[in-house]
Amino acid sequence: MDRGLYHRTAKNFARGRSERLSIAVALTFLIFTVPAFGQAILEGERFHPVTAQQGMVATSHTLATEVALEVFRNGGNAVDAAVTAGFALAVTQPRSGNIGGGGFMLIARGDGSEPEAIDYREKAPAAATATMFQDEAGNVVKDRSRFTHLAAGVPGTVAGLALALERHGTISLDQALAPAIKLAREGFIVPRRFTEGLEQARDRLGRWPASLKTFYKEDGSAWQPGERFRQPELAATLQRIADNGVSGFYQGKTAELIAGEMARHDGLITLEDLKNYQPVVRTPVHGTYRGYDIYSMSPPSSGGTHIVQILNILEGFPMAEFGHNSAAAIHHMAEAMKLAYADRSKYLGDTDYVEVPLQGLTSKGYAEELRKSIDPQKARPASDINPGQPAPWESPETTHFSVVDKWGNAVSNTYTINFSYGSGITVEGAGFLLNNEMDDFSAKPGVPNAYGLIGGEANKVEPGKRMLSSMSPTIVKKNGKNVLVTGSPGGSRIITTTLQVIMNVIDHGMNIQTAVSVPRIHHQWLPDEIRIEQGISPDTIRLLEQQGHKVVRNSAMGAIQSIMIGEDGTLYGGADPRRSTSSAMGY
Ligand code: DON
């Protein structure tokens, strides 16, 4: 390890402990200058963030974190590092890292200029129709939007990452791709999580010869921990982007391979769809919470809108006084979450196609109105809740990584192919998986998607439209300065996961490693239940049940990779222990 480089993977706690010890010793003299904002490295804390001065990267895969740090060592900025990590994850973590999917990147420059969002969400192909996932009787056909070639939206990742680099980067696209190409060509040693993931996904991937050939050994078994896994076809696909820029993916050989794959299997994506794909620069949703400015993803994601809406509702309650994960806190959070997810079901969609009452949904006035409907003692059944009436219309396994550089530039990126390994379909000859993001549209108004989310007319399939997302890359500012960079995978739970990290820091004064580690809860209106992780006490559950809540134990929710920036510029990284390959490293 380089001098001055502190890192900790969630898996390697022993190494993490010794590093934490040395960090603590090294920083003892700094204790009195540590600013107040929950990020202090103080004796007595149970979880400790990684610290650094020059740059910080938090991703769900150590190899991606490492190549991004190398960009910092070579003088690159946060966008250079983020784009490099994005391409590397497409190689090292094929279950969610991707070039066959899409996502959102929030960028807040250190110069205090307004943050911007790059929307590179997938789009429905031109031949898509509102009823394409229904049979002749109008019933939704099981799995058609999930595991067939119709499930794939036109991928946006390559165009989105390239646009970010073009607008804010200092390195070239081929420089950003070089580490990914090397990892694909020369291979990398697979961690246990990689093997386990492929063993679990065998049924889905095994149906497609190209997926079998790309991700499994010749005898059909999964690559084992410690073995070297190479992806020559993916290396060649990435090389075509390095050689020809964005058109090396959206035109030419790769585009032909995608269109050929579609034509052979009744898919819809054509050469024209690929050529026409454009990412969009959007204005993030902005709200405030107890003096902090919250910037998060605008439609076609619902994430930012509902994070701001829920925070607005909760701002009127003494959340700090209730105490973290107390029954009172969970009750109020769940009630606010229900209201927001009910509104999501009706109002949210792609603002290029439908009008979304964004200002109304994120206004303090509407939140006040909703707040009044919350009984402090009693759960309101979801069946009593309907989408509200915000102010009038106005025109209008996913993975997250956060990056901050020494100039204070911050990048918060969430991208996905939807399910783990997306549709399970590998583009023959191109070595990458296609997303199954079309399932995020409403296959039919009122019929839930894979995450149990109900959507309406606003999110019906239309040609060229982007499907509604919950992805919530978020940047929090205080007095104009970036202070927190965060976001998570987790389908419908992305919104509530990200929300809780923001509240853990602002309401409960936690340092960032504690904020990402402590147990989380989730409510999404329907199904009418609070999902909890391990670690919420039986007494708390009993109190919630007495208030009328149904409480259900869930496995780990989300995988939030976060960075905080202290007043003195110190960077604090918090990797989510819920993913064994998560890592935050500083330089
Ligand atoms: O865009 C969305 O909201 C979903 N496609 C995200 C999927 C996801 O987070 C899966 N990972 N855990």
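Select Asp440 and Arg121 to begin: Asp440 is buried, and so is Arg121, where buried means under 20% relative accessible area, exposed means over 50% and partly exposed lies in between, with a 1.4 Å probe and protein chains only. The two side chains meet in a salt bridge, N to O at 2.8 Å, the term standing for a side-chain nitrogen of Lys or Arg within 4 Å of a carboxyl oxygen of Asp or Glu.

What you have open is a predicted model, in which local features need pLDDT of at least 70 and side-chain atom pairs count only at pLDDT 80 or more, while totals for chains, interfaces and linings use all residues. Residues are numbered from 1 along each chain as its sequence is written, and side-chain values use heavy atoms, with hydrogens and water left out.

Now move to the ligand. Of the 15 residues around the ligand, those that come nearest are Glu397, Thr398, Glu437, Asp440 and Ser470, a residue being near if one of its heavy atoms lies within 4 Å. Coloured by class, this shell shows four nonpolar, seven polar and four charged residues; Ala, Val, Leu, Ile, Met, Phe, Trp, Tyr, Cys and Pro count as nonpolar, Asp, Glu, Lys and Arg as charged, and the others, Gly among them, as polar.

From Asp440, an N or O atom in the side chain is 2.6 Å from a nitrogen atom of the ligand. From Thr398, a polar side-chain atom lies 2.5 Å from an oxygen atom of the ligand, and from Asn418 a polar side-chain atom lies 2.7 Å from a ligand nitrogen atom. Taken alone the ligand exposes 350 Å², and the protein buries 95% of that, by the Shrake-Rupley method with a 1.4 Å probe.

Next, select Glu397 with Arg193, whose side chains meet in a salt bridge at 2.8 Å, N to O. Arg193 is buried, with a relative accessible area of 12%, and Glu397 is buried at 15%. A search of the whole structure finds 30 salt bridges.

Terms used:
A polar contact is a pair of N or O atoms within 3.5 Å; within protein, one must be able to donate a hydrogen and the other to accept it, and residues adjacent in sequence count only if both atoms are side-chain atoms.
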